[in-house]
Amino acid sequence: MPVIHHAESRRTETPNAVMTTLASPTLGGAGLAVWRVDMRPGASGPLHAFDAEQVWTVLDGGATVEIEGGTHVLVPGDTVVMPADVARRVHADPEAGFAAIVAATPGAGASVPGGTEKTVPAWVV
């Protein structure tokens, strides 16, 4: 049983959020990537899709998620399952920000709608 200590976690900052990799193949977990997302108040992620399903569970704050033509308001304790290959955008609460734990298949690639290039983010490997 591998134990991944907090000091081994990997932190990646983007213009919209900070992702902290908690488990992934490069950290000793073989079948699942798990990371924490922390978004500043009012921040919005880009419109994008992943080629793998993701499960997001809200820890703190709140968010509005645009996905599959709908808008969903999330509060702590809520979980949203984001299907593969569906465009989505996450907006953090303007006052409280947003923190969540996310799980997905390692190596999942992201792309912009209509784009042909997929990028595997650092927090998923």
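The pLDDT is the predictor's confidence in each residue, on a scale from 0 to 100. For this predicted model, the protein chain averages a pLDDT of 94, and 99% of the residues score at least 70. Residues are numbered from 1 along each chain as its sequence is written, and side-chain values use heavy atoms, with hydrogens and water left out. Local features need a pLDDT of at least 70 and side-chain atom pairs count only at pLDDT 80 or more, whereas totals for chains, interfaces and linings use all residues.

Secondary-structure elements are DSSP runs numbered from the N terminus: helices are of type H or I with at least four residues, and strands are of type E with at least two.

**Nonpolar core and aromatic pair**

A nonpolar core is a set of buried Ala, Val, Leu, Ile, Met, Phe, Trp, Tyr and Cys residues joined through side-chain atoms within 4.5 Å. Buried denotes under 20% relative accessible area, exposed over 50%, and partly exposed the range in between (1.4 Å probe, protein chains only). The largest such core has 28 residues, and those with the most contacts inside it are Trp35, Val37, Met39, Trp56, Met82, Val90 and Phe98. At least two residues of this core come from each of strands S2 (17–23), S3 (33–39), S5 (54–61), S6 (63–67), S8 (79–82), S9 (88–92) and S10 (98–104). In soluble globular proteins, nonpolar side chains tend to be buried together.

With contact taken as heavy atoms within 4.5 Å, and not counting residues up to four places away in sequence, tryptophan 56 touches Val37, Asp78, Thr79, Val80, Met82, Val90, Phe98, Ala100, Ile101 and Val102. Rings of Phe, Tyr and Trp (its six-membered ring) pair if their centres lie within 6.5 Å; planes under 30 degrees apart count as stacked, over 60 as edge-to-face and the rest as tilted. A search of the whole structure finds one aromatic pair. Tryptophan 56 and phenylalanine 98 form this pair, which is stacked at 6.2 Å centre to centre with 20° between the planes. The pair links distant parts of the chain, with tryptophan 56 in strand S5 and phenylalanine 98 in strand S10, 42 residues apart. Both tryptophan 56 and phenylalanine 98 are buried.

**Strand pairing**

Two strands pair if DSSP finds at least two bridges between them.

| Strands | Sense and bridges | A bridge pair |
|---|---|---|
| S1 (residues 10–13) and S2 | antiparallel, four bridges | arginine 10 with threonine 21 in S2 |
| S2 and S3 | antiparallel, six bridges | alanine 17 with methionine 39 in S3 |
| S6 and S7 | antiparallel, five bridges | threonine 64 with valine 73 in S7 |

S1 and S2 form a hairpin with three residues between them. An open sheet of three strands has the order S7-S6-S9, with antiparallel pairing. Strand S7 (70–74) and S9 stand at its edges, each with a single partner strand, so one side of each is left without a neighbour in the sheet. Neighbouring strands of this sheet are turned by 20° against each other on average, direction ignored; the axes are lines fitted to C-alpha atoms, for helices over the stretch in contact, and angles run from 0 to 180 degrees between N-to-C directions.

**Strand S2**

Six of the seven residues of S2 are buried, so the strand is largely enclosed by the rest of the structure. Threonine 20, in strand S2, is buried, with a relative accessible area of 13%. Not counting residues up to four places away in sequence, threonine 20 touches Ser9, Arg10, Arg11, Val34, Trp35 and Arg36. Leucine 22 also lies in strand S2 but is partly exposed, with a relative accessible area of 33%. Leucine 22 and proline 46 are 24 residues apart in sequence and 23 Å apart in space, C-alpha to C-alpha.

**Loop residues with positive phi**

Most residues other than glycine have a negative phi, and most peptide bonds are trans. Glutamate 68, in the loop between S6 and S7, has a positive phi of about 50° although it is not a glycine. At 57% relative accessibility, glutamate 68 counts as exposed. Aspartate 85, in the loop between S8 and S9, has a positive phi of about 60° and is likewise not a glycine. Aspartate 85 is exposed, with a relative accessible area of 55%.
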